[in-house]
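User: Hi, I'm new to reading protein structures. Could you walk me through this one?

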Amino acid sequence: MQFRHTGVVKTTESSLVRPGSVVSSAAGAGVPSVRPASAPEGQTRSAVVTLLLEEGPITASDIGTRLGLSAAGVRRHLDALIDAGEARITTPAGAQQRGRGRPAKYFQLTAAGRNRLGHTYDDLAGAAMRQLRMIGGDAAIEAFARQRVNTIVADVEPATGSDAHDVEDAADRIADAFSAAGFSATTRQVGNGVQICQHHCPVSHVASEFPELCEAEQTAFAEILGTHVQRLATIANGNCACTTHVPLSSTRYSNTDSSDKKTPDAQPRVGERPRLRKEPA
């Protein structure tokens, strides 16, 4: 039986939910849990995923029986999951052939499919941080936050001086280190300064409750760059990115000697096209 066909509309990602959305049969495995045919597409896909997780490897026929889906409906969902790399065909040990013809195909979730399911890591981390504060107070939270960011920037060489080029290069090194840690960081020139932008934050949910994590990052940035830095936005506060502004010497953009006097030529060039660093693949 061939499951792939050209009439399926491929989707880029499936709607996965936490396990437990399929109501188990009270009478045992022999009685199907029928889902109404009018259920939304996303809910049906989630039910298929839950069966693959809890009872896989499982055949397409068993999925159809348990959920009250037609063979075409089951094929549509399985094809989409396989195309997305979230499910695969397998042959479980001890599987028995049913009648004549080709052996039945069994389906199960892949590692990528499991990773798309909900996790409770944020809840666990938050509970651990609250317990740490209860035991050691705010000082314990601050020490943990500083140790965490120190681990991320452990190999980042600090700026060798106050020259704009040195500071800018150090900002690039910080962005590289945070990208390696999963923050998808870049730098860009804005006016007479450079901004470090973290487009993703793996700990944003925890940081929203414990801003010490963000404060420790800002402190580490200032120490490595050897200059004052300013946090403009954070993902933990609902912004689309964590943005830190780093001022640079005006000589970076002027032909005159360094001077504290502001002239029209030394004014920030608002709206200039930013220079984006290429993020690691």
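Below we go through a sheet and a cavity by question and answer.

Analyst: First, this is a predicted model, where local features need pLDDT of at least 70, side-chain atom pairs count only at pLDDT 80 or more, and totals for chains, interfaces and linings use all residues. Residues are numbered from 1 along each chain as its sequence is written, and side-chain values use heavy atoms, with hydrogens and water left out.

User: In what order do the strands of the open sheet of 4 strands run?

Analyst: Helices (H or I, at least four residues) and strands (E, at least two) are DSSP runs, numbered from the N terminus. Two strands pair if DSSP finds at least two bridges between them. Here the pairing is antiparallel, and the order is S4-S5-S7-S6.

User: Why is one side of S4 and of S6 left without a neighbour in the sheet?

Analyst: Look at S4 (185–190) and S6 (230–233). Both stand at the edges of the sheet, so each has a single partner strand.

User: Over how many bridges do S4 and S5 pair?

Analyst: S5 covers residues 193–198, and its Gln198 stands opposite Ala185. S4 and S5 pair in the antiparallel sense, over 6 bridges.

User: Which helix gives the largest share of the lining of the largest cavity?

Analyst: A cavity is a set of points on a 1 Å grid over the protein atoms alone where a 1.4 Å probe fits but cannot get out, and lining residues have an atom within 4 Å of a point. Among the lining residues are Leu213, Cys214 and Glu217. The largest share is 3 residues, and they come from H8.

Key:
On a 1 Å grid over the protein atoms alone, a cavity is a set of points where a 1.4 Å probe fits but cannot get out, and a pocket is an open set with protein on both sides within 12 Å along at least five of seven lines; lining residues have an atom within 4 Å of a point.
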